[in-house]
Amino acid sequence: MADPTLPMVNVQIDGAWHQFPKGTRVIEACEQAGSYVPRYCYHKKLSSPGNCRMCLIEMGMPKMGPDRKPELGPDGKPLINWMPRPQICCAQDVAEGMGVRTNSPLVDECRRGVMEFLLINHPLDCPICDQAGECQLQEFSVEYGNAASRFLENKVKKPKAVELGPRVTLDDERCILCSRCVRFCQEIAQDDVLGFVDRGSHTVLTAHPGKRLENNYSLNTVDICPVGALTSSDFRFKMRVWFLKETKSICTSCATGCNTLIGTREDVIYRQTPRENDAVNSSWMCDFGRLNYGYLESEKRLLEPLIFSNGELIAADWKTAVAHAALQLRHFSGWETAIIASGRMTNEELWLTAQIARFLGVKWIDIVPRSGEGDDILLSKDRNPNTNGARLILNLSLPGSNLAAIGDGIKNGQIKAVLALGEKPTACGISTEQLSQLPAFVAMNILADETTDLATAILPAFGFAEKRGSMINGDGRLQRLNRAVRGPGNARDDWEILRDLLQALGGSNGLFSIEDVFRQMRDSIPQFAGLSLSKIGDLGLHGMERNLSPHAPEDPAAHQIEEAEAHRPSGR
């Protein structure tokens, strides 16, 4: 959105006059005016080196009269004095009275010439290239390239399948030396690791001596590479991009909540890529969050409800399992029951959890804080994506402060029933031996672990890419989580499990969709007043309470989860 405080300048683009804020790049002004200018090296979030020359245009300035004032045409607009040579428009800002031609014969000839030079040594490996289908070189060659080549010599051979780092593989024969990756590492990741060596047709991209491309943002270089020279080692050769269904969602690996596109086919996730949102993550996301989805296909996935009967866990249908869990929880009073919720739950799930706690009269309820090393770019120290939602909906002043008391209550026998939602009760500091002595232990989770084997009822739930809902990130922005794949086996959506459990306990009914849950939450919590899931939109809404202290590492009651475990979460 343009800054209203900036002065506006008049610019003629392809014969029509437009107004743009001062400081707007000419290439951006052309796009806003409906005249897209092709580009390779230019990226609006990076500096402009002007080295690909694909954005050449005709440019001019007002023709000045003897009085040093612009000469005006019949329409009252300045006449343009066109420069004799084409100019790049990626490194030039708009100026008052500037003229631009983006589709003249000279411009078309320049683009054809640039494309011919770029394709001289480029391999014809589109059939095996991961970038095929979203390759700018491929797209622009259709519009500006020639059907035949005048180049008759052998192509220059460059290195192939070079491991620049643990997550990025380089096919240098495709590189067109746009330098996007070099500038990204210098300007965004603050890790000056890439550069060009050798000269002319033999110039290659490489890492500096003794360095590797292994920073936590390395895969963003794959996203911005326009030609498929940089590829993701994880995604490489796995799936054609035109087969992928892309779902707009958010990353749930930390409190930043980067906006994402989840690429799936036939209920399998193949990749996550960042989705532009200047209010949250710009155009980037960290490698940690991007690759943190493999556990959804783990062999440890819980696929069917289980209940403890006759000394063992046996499979049951959902109605039986929920009834069994409700009977156990209802058997004990509120001061004998504890709920261990999760900062990875959606607002809707937390709301239903709060209703269950209210109905049972539960005194002890908390979430498990998670922390890890953060940075000054995107990765938050708070590894829970919805700590703010839990604080708001469960009315927690300091998440994690009740865990020690819950652990002591389990140890001394005061707490006899535990409802664990996406978390391990061992986070309270109790042992599995003490956990096995609980008369009632109901676990809702997505992966089996050493604690689920001790449960009296197991309710298999969905992962982040398998459900819908809303979350509040660390900056207080309400965002929407969307379903990209169906859940496996007989697992169910978390909010449906909690709704049925609340109903089995004797609570309210009438919730038929997640929109109904949000509506109920909206009517009770002022911060959600007037909102709905659809009103949140793809980019979210700002204005929720910001969590200035998501957890307190100095508080011994705040259980800290190691970063390594966050890569293989036991919950969401």
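I began with strand E15 (residues 306–309), which is joined to E21 by two bridges, the two running antiparallel. Two strands pair if DSSP finds at least two bridges between them. The model is predicted: local features need pLDDT of at least 70, side-chain atom pairs count only at pLDDT 80 or more, and totals for chains, interfaces and linings use all residues. Residues are numbered from 1 along each chain as its sequence is written, and side-chain values use heavy atoms, with hydrogens and water left out.

Strand E21. I looked up the partner of Ile 307 in E21 and found Ala 457. I then checked strand E20 (residues 440–445), which runs parallel to E21 and is joined to it by four bridges. Asn 445 has Pro 460 as its bridge partner in E21. For the side chains of E21 (residues 457–460), I noted that Ala 457 and Leu 459 point one way and Ile 458 and Pro 460 the other, and that all are buried (under 20% relative accessible area, with a 1.4 Å probe and protein chains only; exposed is over 50%, partly exposed in between).

Three-stranded sheet. I found an open sheet with the order E22-E23-E24 and antiparallel pairing. Strands E22 (469–472) and E24 (541–542) are at the edges with a single partner strand each, so one side of each has no neighbour in the sheet. Strand E23 (residues 477–481) is joined to E24 by two bridges; Arg 477 has His 542 as its bridge partner in E24.

Helices H7 and H12. I read that the axes of H7 (residues 318–330) and H12 (residues 494–505) come within 9 Å and cross at roughly 55 degrees. This makes H7 oblique to H12. Axes are lines fitted to C-alpha atoms, for helices over the stretch in contact, with angles from 0 to 180 degrees between N-to-C directions. Angles under 35 degrees count as roughly parallel, over 145 as roughly antiparallel, 65 to 115 as roughly perpendicular and the rest as oblique. I listed the contacts (heavy atoms within 4.5 Å): Trp 318, Val 322, Ala 325, Ala 326, Leu 329 and Arg 330 in H7 meet Ile 497, Asp 500, Leu 501, Ala 504 and Leu 505 in H12.

Helices H2 and H3. I read that the axes of H2 (residues 105–119) and H3 (residues 136–144) come within 10 Å and cross at roughly 130 degrees. H2 is therefore oblique to H3.
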